[in-house]
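Please go through them in order.

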Amino acid sequence: MAYTAGVDIGNSSTEVALLQTSADGTHEFVASALYRTTGLKGTKKNVPGVVNAISRAADSAGIDVAEIDRVLLNEAAPVIGDVAMETITETVITESTMIGHDPSTPGGVGLGQGTSVEITADRADHDPDEPVVVLVPETVDFAVAAGLVNDWVDEGYDVAGAIVQRDDAVLIHNRIDVEIPIVDEVSELDKIPRGQPTAVEVAPQATGKSIDELSNPYGIATVFDLSPEETQKIIPVARALVGNKSAVVIKTPSGDVEERTIPAGKLQIINERGSTAEVPVDEGADVIMETVMDNWPVADVQGESGSNIGGMLNRARASMAEVTGQAVDSIEIRDIVAVDTLIPQEVEGSVAGEFSMESAVALAAMVKTQQLPMQQIADGIESELDTEVIIQGVEANMAVLGSLTTPGTDVPVAILDMGGGSTDAAYMNTDKEIDSIHLSGAGDMVTMLIDSELGLDDRDLAEAVKKFPSAKVQTLFSIREEDGTVDFLDDPVDPSLFGRTVLLEDDGGMRPVPVSKSPEEIRRIRRRAKRRVFVKNAERALNLITPTESIRQIPFVVMVGRSSLDFEIPEMISDALAEYGIVCGRANVRGEMGPRNAVATGLVLSHIGGGSYLDFELPAELSTSLERTPAKTN
């Protein structure tokens with residue numbers, strides 16, 4: 001018996017396919033194994049992970065690792081992907097002209113409007129015919145505040161609403177004799193101007209409804225009798241209040257609310273013809289990507305110093321220079337992908353910590369080097385295992401060979417290798433010639449978009465939101481899934497999860513999501529992020545690698561890689577490509593491995609000429625190891 005191990009060193013995991021060759025020359029895959037990649041892909045730090053993965057495969061096959069005759073490596077080019085976000089708008093309130101607020105427990109219901117008045121003010125100074133909105137500072141106890149409201153009413157004043165500094169709205173509402181809207185938790189109550197027109201609105205409780213007057217620009221214009229010019233200025237406030245259960249808006253004679261565009265730096269895109277195109281980041285993702293594609297193939301991308309984008313690109317260059325030993329100036333950014341997004345930002349000049357969803361552009365960049373330290377990796381494995389090590393082939397080529405073991409595939413075929421940092425594509429034509437491309441933007445960018453749009457500030461939780469569907473715990477024995485399905489449970493859920501939005505993990509566990517978003521909204525944000533990164537990148541990659549630059553010329557597309565295991569990404573891409581008449585689906589390598597192990601399997605098939613697993617003769621460039629390979633010459 002002879003044993004050959006194909007080893008695929010990936011960005012996050014190292015995979016092994018172990019082939020047994022019998023004395024009569026027949027071949028059979030006898031084991032597969034997976035272990036996390038140690039160190040950055042394509043560097044000497046990968047050796048411990050490779051040795052561990054090979055040892056696991058040997059254990060699975062019931063042999064000693066010393067019985068493995070040779071190890072085949074892929075040419076694992078280091079690819080560094082990085083992501084950054086640049087906010088391009090901000091909402092600014094000067095002189096507290098108007099504020100919007102949405103505490104968790106407002107009191108009362110309805111819309112009230114009047115003049116803002118300190119609740120302890122001398123009532124004789126105010127006209128009983130003018131409605132008032134009382135302001136309750138934290139120095140006034142809720143019971144005292146309720147008594148004062150009743151005193152104002154008893155003396156004939158029209159109290160239209162209340163704004164409270166502490167979390168006392170419900171306590172006050174339960175003790176007063178009138179039905180008025182009350183908004184609390186206004187932390188900087190002292191900044192609210194006194195004697196100014198003020199509106200308070202609280203949506204009906206337990207109805208699922210949100211406010212409808214103060215979230216409507218014309219509703220605010222009606223309340224405050226605004227001119228058309230003034231109405232245009234309050235659009236940011238109205239937009240920020242959409243979906244709120246309560247809100248306060250105050251008008252003062254001076255001041256302003258506006259949405260400003262923040263200078264976000266520029267990108268310089270240099271193509272391989274030597275010309276340079278400049279694009280401001282604040283013009284948005286569509287303009288950036290149009291400029292990138294107009295200048296394809298990209299030779300380098302540079303960002304303006306002092307901007308987030310410039311810092312991110314410089315960080316990626318420095319990381320690649322460190323692992324390859326090249327000078328920073330010689331490292332090139334070969335691709336970027338941009339996505340428009342929204343991120344919650346605290347409103348400057350607000351009085352209650354209000355947030356507004358501001359526009360932003362998220363970018364992912366990819367750096368690649370051709371100076372590969374593969375021989376060092378091969379030497380390290382040879383030293384550890386005392387066996388022959390061969391660098392058998394280029395990763396994309398091997399992935400195509402492995403993917404062709406998926407039942408139902410044929411050439412011409414394209415593969416999509418979707419990982420965490422990059423989206424790679426390869427295309428094999430009928431002459432068995434292969435072309436490949438590496439694009440930035442994959443799972444890590446989706447995680448960043450989810451993290452920012454949900455306001456989580458927790459990458460681990462955002463990664464979980466990306467991986468698992470969400471649900472609402474309705475009772476201790478039932479949950480409502482994000483598609484509306486109600487599931488009844490045999491065992492009660494943890495009481496601490498009652499009424500909360502949770503993630504349904506693969507092991508049956510439930511993980512709470514600490515944001516005030518419904519499962520439906522989480523699903524919408526998650527799927528939108530995946531669609532804007534994976535679907536757009538898949539279409540871009542396939543258009544670039546086909547000889548005619550037209551997806552329609554590809555009959556088969558096979559998806560491999562970690563992100564192909566996602567519960568909805570393959571379905572999204574298949575739906576998007578269905579309109580082109582393409583057979584697209586998740587790989588099933590060797591009819592049993594799913595989308596895993598394509599490169600490792602391809603390495604072994606390349607070495608044995610395809611064996612009985614491929615029904616065509618491999619061309620010499622695919623069946624011959626790379627020239628610089630020899631790690632052992634015995």
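1. Two strands are said to pair if DSSP finds at least two bridges between them, and helices (H or I, at least four residues) and strands (E, at least two) are DSSP runs numbered from the N terminus. This is a predicted model, in which local features need pLDDT of at least 70 and side-chain atom pairs count only at pLDDT 80 or more, while totals for chains, interfaces and linings use all residues. Residues are numbered from 1 along each chain as its sequence is written, and side-chain values use heavy atoms, with hydrogens and water left out.

2. Strand β7 (residues 110-118) pairs with β8 in the parallel sense over four bridges, and V117 has V134 as its bridge partner in β8. On pairing with strand β9 (residues 159-164), β8 again runs in the parallel sense, over five bridges, with I163 of β9 as the bridge partner of L135.

3. Is β8 enclosed or open to the outside? Five of the five residues of this strand (residues 132-136) are buried, so β8 is largely enclosed by the rest of the structure; buried means under 20% relative accessible area, exposed over 50%, and partly exposed in between (1.4 Å probe, protein chains only). The cover extends to both faces, with V132, V134 and V136 buried on one side and V133 and L135 buried on the other.

4. The structure holds 27 salt bridges, each being a side-chain nitrogen of Lys or Arg within 4 Å of a carboxyl oxygen of Asp or Glu. One of them joins the side chains of E453 and R532 (2.8 Å, N to O). Because E453 lies in helix α11 (residues 443-453) and R532 in helix α13 (residues 519-545), the pair ties together parts that are 79 residues apart in sequence. E453 is buried, with a relative accessible area of 4%, whereas R532 is partly exposed at 21%.

5. R511 forms a salt bridge with D460, with the closest N and O atoms 2.9 Å apart. R511 belongs to strand β27 (residues 510-512) and D460 to helix α12 (residues 459-467), so this pair ties together parts that are 51 residues apart in sequence. Salt bridges that share partners also join E482, R523, R526, R527, K530, D566, E568 and E571 into one network.

6. On the surface, D59, D64, E67 and D69 gather in a patch of negative charge, a patch being made of residues with over 30% relative accessible area and no salt bridge, with like charges joined within 9 Å. E67 lies in the loop between α1 (47-61) and β4 (70-75) and is partly exposed, with a relative accessible area of 41%.

How values were computed. Patches are made of residues with over 30% relative accessible area and no salt bridge: like charges are joined within 9 Å, nonpolar side chains (Val, Leu, Ile, Met, Phe, Trp, Tyr) within 5 Å. Accessible areas come from the Shrake-Rupley method with a 1.4 Å probe; for residues, only the protein chains shown count as cover. Lys and Arg count as positive and Asp and Glu as negative; His and the chain ends are not counted. The place of a charge is taken as NZ of Lys, CZ of Arg, CG of Asp or CD of Glu.
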